[in-house]
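Work through the exercises below with the sequence and the 3D structure at hand. Try each task before you read its solution.

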Amino acid sequence: VDWRVLPGTNTTHRIQYERQQTGGPIEFRGRFAPGTNGWSAELAVANPAQVFGDLLKRTLERRGISVSGSVRVVHTTNGCPAAEWDHWNSPPLAQRLALCLKPSQNLHAQLLLGEVGRQAERQSTQGASPSATRRHDEWGLATLPGFLTRVGISDGSVVLEEGSGLSRTNRVTPAATGALLRFMATHPQHKVWKDSLPVGGMDGTLKNRFKTGHALRNVRAKTGSL
């Protein structure tokens with residue numbers, strides 16, 4: 001942790017924090033309000049698979065279960081074939097989309113990208129053996145250029161590394177966002193898309209915003225921040 005927070009004179013904390021690179025220190029800057037009981041923040045871990053393994057190992061040991069060796073993370077692209085444990089048929093996308101967009105559920109967004117990739121892989125291979133070196137989310141990202149062409153968005157206006165929106169390397173221009181909104185306004189599934197967005201002062205991430213005025217019950221928007 002790189003702590004550069006100083007005592008302040010304001011009645012509220014003004015603290016900013018970020019991790020510049022994976023595995024690097026978390027940098028804290030700003031002012032700390034005096035006379036308070038502390039401050040807390042939620043931070044994403046750098047290596048979630050490794051952290052999960054370490055926590056599982058320590059939890060087992062605390063319960064008296066001996067665990068030998070250390071935790072090692074093996075990704076499917078490193079020669080370890082994927083194995084299906086179980087499967088579940090979800091409701092149609094028209095019903096699931098609101099569960100992703102209204103509360104801004106990052107995991108669901110990433111899973112939807114993976115499902116797009118799964119369908120793309122199925123169409124590409126057409127009965128051949130699935131690729132052992134390409135993940136479903138990578139298949140999904142490979143379909144992005146074709147979709148952007150349909151929308152009329154120029155090359156280089158959208159750069160995505162994953163589907164949740166949490167990567168700091170993701171880049172989308174305002175012009176590309178505007179083009180997407182115009183495209184969806186006349187899309188055959190326009191109503192499904194519109195109904196899946198948070199409504200000002202009513203639900204989702206806009207439940208406590210736009211509580212008065214003409215924006216109440218009229219504004220439909222997708223929030224997002226890092």
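A residue is called buried when its relative accessible area is under 20%, exposed when that area is over 50%, and partly exposed in between, with a 1.4 Å probe and protein chains only as the basis. The model is predicted, so local features need pLDDT of at least 70 and side-chain atom pairs count only at pLDDT 80 or more, while totals for chains, interfaces and linings use all residues. Residues are numbered from 1 along each chain as its sequence is written, and side-chain values use heavy atoms, with hydrogens and water left out.

**Exercise 1. Describe the protein chain as a whole.**

Step 1: Begin with the elements, which are 7 helices and 5 strands, and read them along the sequence as β-β-β-α-α-α-α-α-β-β-α-α.
Step 2: The radius of gyration is taken over C-alpha atoms, and the globule rule is 2.2 Å times the number of residues to the power 0.38. A compact globule of 226 residues would have a radius near 17 Å, whereas the protein chain has 22 Å.
Step 3: The C-alpha trace spans about 60 × 60 × 35 Å along its principal axes.
Step 4: Of the 226 residues, 20% count as buried.
Step 5: Among the contacts with a separation of 6 or more, 40% are between residues 24 or more positions apart.

**Exercise 2. Work out how the sheet of 3 strands is put together****.**

Step 1: The sheet is open, its order is β1-β3-β2, and its pairing is mixed; two strands pair if DSSP finds at least two bridges between them.
Step 2: At the edges stand β1 (2–7) and β2 (14–19), each with a single partner strand, so one side of each has no neighbour in the sheet.
Step 3: Strands β1 and β3 run parallel and are joined by 6 bridges, and within this pairing the bridge partner of L6 in β3 is R31.
Step 4: Strands β2 and β3 (residues 26–32) pair in the antiparallel sense, over 6 bridges. On this side R14 stands opposite R31, and Y17 stands opposite F28.
Step 5: The hairpin of β2 and β3 has 6 residues between the strands, and there G23 takes a positive phi near 85°.

**Exercise 3. Which residues touch the most other members of the largest nonpolar core****?**

Step 1: A nonpolar core is a set of buried Ala, Val, Leu, Ile, Met, Phe, Trp, Tyr and Cys residues joined through side-chain atoms within 4.5 Å.
Step 2: The largest such core has 15 residues, and L101, L148, V151, I153 and V158 touch the most other members.
Step 3: At least two residues each come from α2 (93–101), α5 (144–151) and α6 (174–185), and the largest share, 4 residues, is that of α6.
Step 4: Look at V158 in particular, which touches L144, L148, I153, R171, V172 and A176 when residues up to four places away in sequence are not counted.
Step 5: As general background, nonpolar side chains tend to be buried together in soluble globular proteins.

**Exercise 4. Examine the positive phi values of S104** **and F210****.**

Step 1: Most residues other than glycine have a negative phi.
Step 2: S104, although not a glycine, has a positive phi of about 60°. The residue S104 sits in the loop between α2 and α3 (106–125), and with 24% relative accessibility S104 counts as partly exposed.
Step 3: F210 has a phi near 55°, again a positive value in a residue other than glycine. The location of F210 is the segment after α7, and its relative accessible area of 39% makes F210 partly exposed.

Conventions: Contact means heavy atoms within 4.5 Å.
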